[in-house]
Amino acid sequence: MDNASFVARDLAVLWHPCTQMQDHEWLPLVPIRRGAGVWLEDFDGRRYLDAISSWWVNLFGHANARISAAVAAQAARLEHVIFGGFSHEPALLLAERLVALTPPTLRRCFLADNGSSAVEVAIKMSYHYWRNVGVAGKSRLINLSGAYHGETLGALGAGDVGLYRDPYAELLRAPITAPSPDAYDRQPGESAADVAARRLADMQALLERHAHEVCAVIVEPLVQCAGGMRMHHPSYLTGLRALCDRYQVHLIADEIAVGFGRTGTLFACEQAGIAPDFLCLSKGLTGGYLPLAAVLTTDAVYDAFYGDYASQRAFLHSHSYSGNPLGCAAALATLGIFADEPVLLRNRALAAAMARETAPLADHPHVAEVRQTGMILAIELTQDKTTRAPYPWQQRRGLRVYQHALAEGVLLRPLGNVVYFMPPYVIDEDEIALLARVAAAGIDAATA
Ligand SMILES: *Cc1c(COP(=O)(O)O)cnc(C)c1O
């Protein structure tokens with residue numbers, strides 16, 4: 001089969017995510033028949049460098065030999081088993097490993113099957129905790145402006161990206177939204193740490209007024225990814241932890257996108273020296289192989305649910321595929337690579353290469369900022385470099401970069417006006433140089 005015949009059949013029956021399907025009347029859908037490392041190959045034999053880790057999930061390349069072998073071996077042994085009342089070795093080993101790798105206060109691991117579910121688990125556990133310990137009325141969330149926590153109704157309700165949220169506003173509970181510590185919003189003369197301090201004061205004011213009705217504050221540590229790869233100073237997280245303790249609300253760290261080495265440390269919270277009450281993990285957890293998620297929490301939370309059956313304090317949440325053994329096996333193989341190879345050290349060199357190769361873009365007349373946190377590098381396009389005015393969304397400038405890059409054999413998928421690299425960790429420096437050349441040419445073409 002070639003691309004054209006595949007696409008005709010695909011568009012006749014499939015409905016793709018995050019897509020206005022009519023776009024495919026003029027924007028080719030790209031069918032992929034195989035992947036290897038950072039490369040994807042379509043049905044016409046064209047290759048694409050996957051610069052966005054296939055929506056931020058892939059860590060060690062497509063068709064990674066070690067992870068593929070682990071999944072195949074697990075499939076031959078046990079593909080799935082009910083996880084209520086029954087258990088299995090991959091889940092046990094994974095929970096032990098995650099508890100060991102995360103901050104010492106996080107000692108319990110609850111498994112779900114995608115990022116949005118993990119967020120909903122954390123929200124439900126937090127709310128239910130306060131009920132179980134006899135503190136009434138704590139049913140609201142505080143989130144940050146520009147936050148993204150997934151797309152099922154509960155997770156969408158915790159987010160603040162209008163593009164995804166607004167059509168469903170009537171179905172969603174309104175959180176209390178605190179201004180993001182996003183360093184892009186800094187005033188002249190302000191540092192990223194200054195913005196963090198200013199936004200902590202805003203958060204404190206909200207907590208002062210609302211803590212009695214709030215169960216948790218939910219944040220994406222260090223980088224608000226779907227909101228446009230907006231980055232903040234780690235001191236915000238340190239200060240936020242202290243505020244949450246002081247005002248008796250939980251801190252939910254959504255590390256679904258930033259966990260597993262993306263920001264330079266295994267988990268982003270490490271850079272602030274903090275432990276959240278709930279840590280949500282997914283995406284890279286399985287190296288990009290299978291949908292799986294984990295929520296890590298404290299003994300204090302776990303103990304509040306523990307008791308006589310008749311006390312009705314148990315956490316009854318479940319998914320059919322909770323703790324799926326294939327997903328757990330992929331996750332164990334992924335963590336095995338972290339254990340056996342100097343991944344974070346290698347990423348430091350790769351991150352430096354990304355910075356070096358994109359440095360000239362900072363002077364581009366339509367680039368407002370090139371920013372980076374570890375293995376995430378973002379280039380913010382602007383109509384006007386002095387005012388930083390964004391291009392109107394209707395102009396779809398980022399989409400033009402996408403089209404240009406595809407023609408050059410690179411998969412970049414900008415978020416509105418933000419072009420970003422979030423590549424698998426097996427990319428090499430020549431491939432990074434290629435990426436930067438293609439992005440620069442694409443930005444020239446899209447802003448001409
Ligand atoms: C992707 C993402 C989610 C949702 O995960 P899904 O598996 O797509 O449901 C939640 N939070 C953050 C920060 C994410 O980037």
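Helices (H or I, at least four residues) and strands (E, at least two) are DSSP runs, numbered from the N terminus. The structure described here is a predicted model, in which local features need pLDDT of at least 70, side-chain atom pairs count only at pLDDT 80 or more, and totals for chains, interfaces and linings use all residues. Residues are numbered from 1 along each chain as its sequence is written, and side-chain values use heavy atoms, with hydrogens and water left out.

Helix α6 spans residues 153-157 and contains L153. With a relative accessibility of 46%, L153 is partly exposed; buried stands for under 20% relative accessible area, exposed for over 50%, and partly exposed for values in between (1.4 Å probe, protein chains only). Residues up to four places away in sequence aside, L153 touches E120, L171 and L172, contact being defined as heavy atoms within 4.5 Å. Between the C-alpha atoms of L153 and H232, which are 79 residues apart along the chain, the separation is 27 Å.

The domain assignment gives domain 1 (31-63 + 343-447) and domain 2 (67-340); such bounds come from an automatic or database domain assignment. The centres of the two domains, taken over C-alpha atoms, are 27 Å apart. Their contact takes 29 residues from domain 1 and 28 residues from domain 2.

The largest nonpolar core has 111 residues, and L94, M203, M229 and F260 have the most contacts inside it. A core of this kind is a set of buried Ala, Val, Leu, Ile, Met, Phe, Trp, Tyr and Cys residues joined through side-chain atoms within 4.5 Å. Helix α11 (residues 325-340) gives the most to this core, contributing nine residues. At least three residues of the core come from each of domain 1 and domain 2. Beyond its neighbours within four places in sequence, L94 is in contact with L111, L285, L292, C328, A331, L332 and L335. Another core, of 25 residues, lies apart from the largest one and includes C215, A216, I252 and C280.

The ligand is surrounded by W56, N114, G115, S116, Y148, H149, G150, E220, D254, I256, A257 and K283, where a residue is counted if one of its heavy atoms lies within 4 Å. Polar contacts are pairs of N or O atoms within 3.5 Å. A backbone N or O atom of G115 is 2.8 Å from an oxygen atom of the ligand, and an N or O atom in the side chain of S116 is 2.6 Å from a ligand oxygen atom. A nitrogen atom of the ligand lies 2.6 Å from a polar side-chain atom of D254. Taken alone, the ligand exposes 380 Å², of which the protein buries 83%; accessible areas come from the Shrake-Rupley method with a 1.4 Å probe.

W56, one of the residues around the ligand, lies in helix α2 and is buried, with a relative accessible area of 7%. Although not a glycine, W56 has a positive phi of about 75 degrees. S54 lies in helix α2 (residues 53-56) and has a positive phi of about 45 degrees, also without being a glycine. S54 is partly exposed, at 29% relative accessibility. Most residues other than glycine have a negative phi.

H24 is found in the loop between α1 (3-13) and β1 (32-36) and counts as buried at 15% relative accessibility. R246, in helix α9 (residues 235-247), is exposed, with a relative accessible area of 55%.

Methods
Polar contact = N/O pair within 3.5 Å; in protein donor to acceptor, adjacent residues only side chain to side chain.
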